[in-house]
Amino acid sequence: MKLNEEQTLAVCHPVGSPAVLIAGAGSGKTRVLTERVRWLIEQGTPPRRIVALTFTNKAAGELKDRLGIGFGTPPDKEPRISTIHSLA
């Protein structure tokens, strides 16, 4: 997936350091979050240790679709993806 320089910096932010992604409409937040989750898993982070929060159900659903997470995904292979509202 093609990312610009700022998006690439967000995706490759060092493991072990907290990261927060705040951006406006149409800036590629879901794409960056998707690639960040993939990158973390590639770096050896267990999926169950990853939490990806979005603001809308649509974005959370799209993120799950892009990552291939569905009803058949084993729980240990699935990061926690939800809206901030449903998590809280």
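**Figure 1. Overall fold of the protein chain, with four helices and two strands.** The model shown is predicted. From the N terminus on, the order of the elements is α-α-β-α-β-α. The protein chain has a radius of gyration of 12 Å, close to the 12 Å that the globule rule gives for 88 residues, so it is as compact as a globular protein of that length. Along its principal axes, the C-alpha trace spans about 35 × 30 × 25 Å. Of the 88 residues in the chain, 30% are buried. Among contacts with a separation of 6 or more, 62% are between residues 24 or more positions apart.

**Figure 2. Helix H2 and the elements that cover its buried residues.** Helix H2 comprises residues 29-42. H2 contains 14 residues, and the distance from its first C-alpha to its last is 20 Å, close to the 20 Å expected at 1.5 Å a residue. Its buried residues are Thr30, Val32, Leu33, Thr34, Glu35, Arg36, Val37, Trp39 and Leu40. The cover over these residues includes helix H1 (5-11), strand E1 and helix H3. Just after H2, Gly44 adopts a positive phi of about 100 degrees.

**Figure 3. The buried and exposed sides of helix H3.** Helix H3 spans residues 57-67, and its buried residues are Ala59, Ala60 and Leu63. These residues lie on the same side of H3 because they cover an arc of only 100 degrees around the axis. On the other side of H3, the exposed residues are Asn57, Lys58 and Asp65. The buried residues of H3 pack against three elements, named here with their residue ranges: helix H2 (29-42), strand E1 (51-54) and strand E2 (80-83). Just after H3, Gly68 has a positive phi of about 75 degrees.

Figure 4. A residue counts as buried when its relative accessible area is under 20%. Ser82 has a relative accessible area of 7%, so Ser82 is buried.

**Figure 5. The salt bridge between Arg38 and Glu35 in helix H2.** Side chains of opposite charge can pair when their charged atoms come close. A search of the whole structure finds two salt bridges, and this view shows the one that Arg38 forms with Glu35. The closest N and O atoms of the pair are 2.7 Å apart. Both residues lie in H2, where three residues separate their positions, about one turn of the helix. Arg38 is partly exposed, at 30% relative accessibility. Glu35, by contrast, has a relative accessible area of 15% and is buried.

**Figure 6. The salt bridge between Arg66 and Glu62 in helix H3.** Arg66 forms a salt bridge with Glu62, and the closest N and O atoms are 2.3 Å apart. The two residues are separated by about one helical turn, because they are four residues apart in H3. Arg66 is partly exposed, with a relative accessible area of 32%. Glu62 also counts as partly exposed, at 29% relative accessibility.

Figure 7. The side chain of Lys29 reaches the backbone oxygen of Gly24 at a distance of 2.8 Å. Lys29 and Ala88 are 59 residues apart in sequence, and their C-alpha atoms are 21 Å apart in space.

Definitions and conventions: Residues are numbered from 1 along each chain as its sequence is written. This is a predicted model: local features need pLDDT of at least 70, side-chain atom pairs count only at pLDDT 80 or more; totals for chains, interfaces and linings use all residues. Side-chain values use heavy atoms; hydrogens and water are left out. Buried means under 20% relative accessible area, exposed over 50%, partly exposed in between (1.4 Å probe, protein chains only). The arc is that of the directions from the helix axis to the C-beta atoms. Contact means heavy atoms within 4.5 Å. The expected span of a helix is 1.5 Å times one less than its number of residues. A salt bridge is a side-chain nitrogen of Lys or Arg within 4 Å of a carboxyl oxygen of Asp or Glu. A polar contact is a pair of N or O atoms within 3.5 Å; within protein, one must be able to donate a hydrogen and the other to accept it, and residues adjacent in sequence count only if both atoms are side-chain atoms. The radius of gyration is taken over C-alpha atoms; the globule rule is 2.2 Å times the number of residues to the power 0.38.
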